[in-house]
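Here's a quick briefing to read alongside the structure. Keep the 3D view open and look up the residues as they come up.

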Amino acid sequence: MFKIIHAQFIAPGIKRFVLEAPRIARKQKPGQFVILRIYEQGERIPVTIENSDPERGTISIVVQSAGKTTYLLNSLNTGDQILDVVGPLGKPSEIEKFGTVVVVGGGVGTAMAYPSAAAFKRAGNRVISIVGARTKELVILEQELRAVSDAVMITTDDGSYADKGFVTDKLRQLIQNGTRIDLVLAIGPIVMMRAVAELTRKENIRTVVSLNPIMIDGTGMCGGCRVPVDGKSEFACVDGPEFDAHKVNFEVLVQRNSMYRDAEQRSLADYQRSTAEQASTHQTVANETEQSCAVAHRGER
Amino acid sequence: MSPTASKSLNPLPMKERIKVPRQLMPEQPADERNRNFSEVNLGYSAELARQEALRCLECAKPTCTDSCPVGVKVKEFVELIVAGDFLGAAAKIREDNVLPAVTGRVCPQEDHCEGKCLLSKKVKPLGIGYLERFVADYEQRMGTHILPNVQPTGKKVAVVGSGPSGLTVAGDLIQKGHKVRVFEALHELGGVLVYGIPEFRLPKQIIREQLDYMREMGVEFETDVVVGRTVTIDELMHEEGFDAVYIGTGAGLPQFMGIPGENFNGVYSANEFLTRINLMKAYKFPTYDEPMVDLHGKDVAVIGGGNTALDAIRSALRLGARKAYVIYRRSDAEMPARAEEVHHARQEGIDFQMLTAPVEFLSDGKGWLTAARCVRMELGEPDSSGRRRPVPIKGSEFDLPLSVAVMAIGTTANPIVQSTTPGLGTDKRGYIQADSETQRTTRPGVFAGGDIVTGAATVILAMGAGRRAAKSIHDFLTSGQW
């Protein structure tokens, strides 16, 4: 059992959890992830590690509600427990002094990009962070990134905050302005990572993406997370999750990630129906309690 | 005790013993069991067990024991069955084998004890596996076992992996008085026994009972620890105070053939397919959250001819598959699967496409598997494995319509421990180098055994390695000599 020390929404549908996980906290490095299982009937899902505190023995993870498991996870609060958390998994980011590093975070991927940005900065790089989100409320970790970046650029799809557009617009701007870029690290939705890869391929800029395919054990045993990289089948959990963006076959990644779409939608619909029913039951119970209290009060009088 | 010295407890004269037929294992009818996950074999009754035990010829030089990787004293435990002392028989097996209820079910006895049984020269061999299973189950039902009385040595051993070899090491060393802590990467203990072997061949309750027994003896378990990532071997030894470490991390990364279409949706590795079913209970979706492709009415094939292949395809059949094929590139004679499993699979209606191999997978254009393009093979000259090499027959291609294909063609070494343990020697395939007698690695205090040393093998061979390692670890801990 892993205790939730602190839980707080940092954006609509995006929650940060601080978990008691001393072993993982001691070992976590930027770029790594955990796999968790909330309860006995639960599935195992990979989740981003945002940060860790080896002294306190805690890690923080950032979770966006997308399917049943993440909705359920985000309904948990400080003091609740998670049945299984295993990690840190995957190879850490390759952190060295490259020169100028552009760190691109899309949506909740920003949480995984942040520790790498900080590590690049500590390694002596000039760090330019580009954060993209659908809308203003979904821009996360802006202050944290500003603290570890030489420059931060923000885009929102709807223009509700900073500049309207996509992360690739900002990256293109940097390239067009003649900024010398030695490395791009892009973490976010597959469409975003693919767009970044296409853009930098033409410019011959070394680019790394962090993949999040379907996974069960996270130790190389099941092979569910296989993805063609440079024509070779690689396992994201042990060979990755970071790969050379110009060699990843994004098409196969998208196709394989869609494998359980129907089941995922059904799970989520069932979950939302049951929570709605529970909420209405609670409402009924609350109303009845109120009424019976009212009756009791009347009796007193 | 020397049974040859004392008078035999078996009332039958030798000549009569050979006339007693091998007692059949009661089993679920094939047309019922192929739709459920309950155990295929139902187990001997006490009567059947005693009847079977009477067949033992009590050889002066028991080849059964010599050919057993863990050296179970077969003659002695069988004699205790004849005497009606079933608990004593179980205790006798436990001296050499900490998982008798497991090996009684999944061990390929034809390659070991029963294969070497003197009876098999004339008639069917003694049902040693069935007898082992009977006494282990009997002991479990009685709920009593004699806990060994041991003096603590003050030494601590870390066991990496809770599969058959790790559990053997743990069980043997705890009985020598050492403290033992087992680390498991998954959320459930048992390794391949829980994620790999299906319920109908090895009920999970059996593993849980064996684990409870080990906890009673004092073995500690910690799940959700990937050694190499969560903690390294060096940290276990230098920071957590373990005097020795045993690495039994098991079979590794699933292999694929490298043919076109292997990434289509519907193509699984056997490890993933079986893990979804056995560990994650995906077939109970949506009661359980982990999904899998719904197999009802679908045509499913497994590629490969080992036990894992048969476990996968027989599971598919039980989950409603319309057609269930085994596609194997060699012939019956070369199939590595356990004889009883092949026999059971045929009874259940599995369609064996022998001397056949896929060359490409085809899809619906949207990424979902629709068929395997296969080619027929013939056997040529023997290859490096000593088996005749399959050679494709020109022009024999045909398409086999399929919704799901499961690749069960073996595994390669998992690199996590090796890549995070400086000085740990590996062979050219990436498996850990360990002495075949002492299981010592190139790192003092570190031992290894099972599939991570040999490549994919059987439960009993992994247990045999565990047995040798435990002895060698005990020697190391008591002598301090490497």
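Is K68(A) buried or exposed? K68(A) counts as buried, at 17% relative accessibility (buried means under 20% relative accessible area, exposed over 50%, and partly exposed in between, using a 1.4 Å probe and protein chains only).

A bit of housekeeping comes next. This is a predicted model, where local features need pLDDT of at least 70 and side-chain atom pairs count only at pLDDT 80 or more, while totals for chains, interfaces and linings use all residues. Residues are numbered from 1 along each chain as its sequence is written, chains are lettered from A in the order in which they are written, and side-chain values use heavy atoms, with hydrogens and water left out.

**Where the chains meet**

- Chain A puts 48 residues into the contact and chain B puts in 45 residues (contact means heavy atoms within 4.5 Å).
- Between them, chain A and chain B bury about 3,900 Å², with 53% of it on carbon and sulfur atoms (buried area is the accessible area, with a 1.4 Å probe, that two parts lose on being put together, summed over both).
- There are 22 residue pairs in polar contact between chain A and chain B, both residues being at pLDDT 80 or more (a polar contact is a pair of N or O atoms within 3.5 Å; within protein, one must be able to donate a hydrogen and the other to accept it, and residues adjacent in sequence count only if both atoms are side-chain atoms).
- Several elements of chain A supply at least two residues each to the side that touches chain B, among them α1 (22-27), α2 (68-74) and β7 (84-89) (helices are DSSP runs of H or I with at least four residues, strands are runs of E with at least two, and both are numbered from the N terminus).
- β7(A) gives the most to that side of chain A, with six residues.
- The residues on that side of chain A split into 19 nonpolar, 14 polar and 15 charged (Ala, Val, Leu, Ile, Met, Phe, Trp, Tyr, Cys and Pro count as nonpolar, Asp, Glu, Lys and Arg as charged, and the others, Gly among them, as polar).

**Salt bridges**

- Over all chains the count comes to 57 salt bridges (a salt bridge is a side-chain nitrogen of Lys or Arg within 4 Å of a carboxyl oxygen of Asp or Glu).
- One pair crosses between chains, running from K68(A) in helix α2 of chain A to D289(B) in the loop between α14 (270-279) and β7 (299-303) of chain B.
- In that salt bridge, the closest N and O atoms of K68(A) and D289(B) are 2.7 Å apart, and D289(B) is buried with a relative accessible area of 4%.
- Across the interface of chain A and chain B, four salt bridges turn up.
- Within chain B, E52(B) forms a salt bridge with R55(B), the closest N and O atoms being 2.7 Å apart; E52(B) is buried at 0% relative accessibility, and R55(B) is buried at 1%.
- R322(B) and D299(B) also form a salt bridge, with their closest N and O atoms 3.0 Å apart.
- That pair links distant parts of the chain, 23 residues apart; R322(B) is exposed at 58% relative accessible area, whereas D299(B) is buried at 9%.

**Cysteines**

- The count of disulfides over all chains is zero (a disulfide is a pair of cysteine sulfur atoms within 2.5 Å).
- C225(A) has its nearest cysteine sulfur, that of C237(A), 3.8 Å away, and C225(A) is buried with a relative accessible area of 2%.
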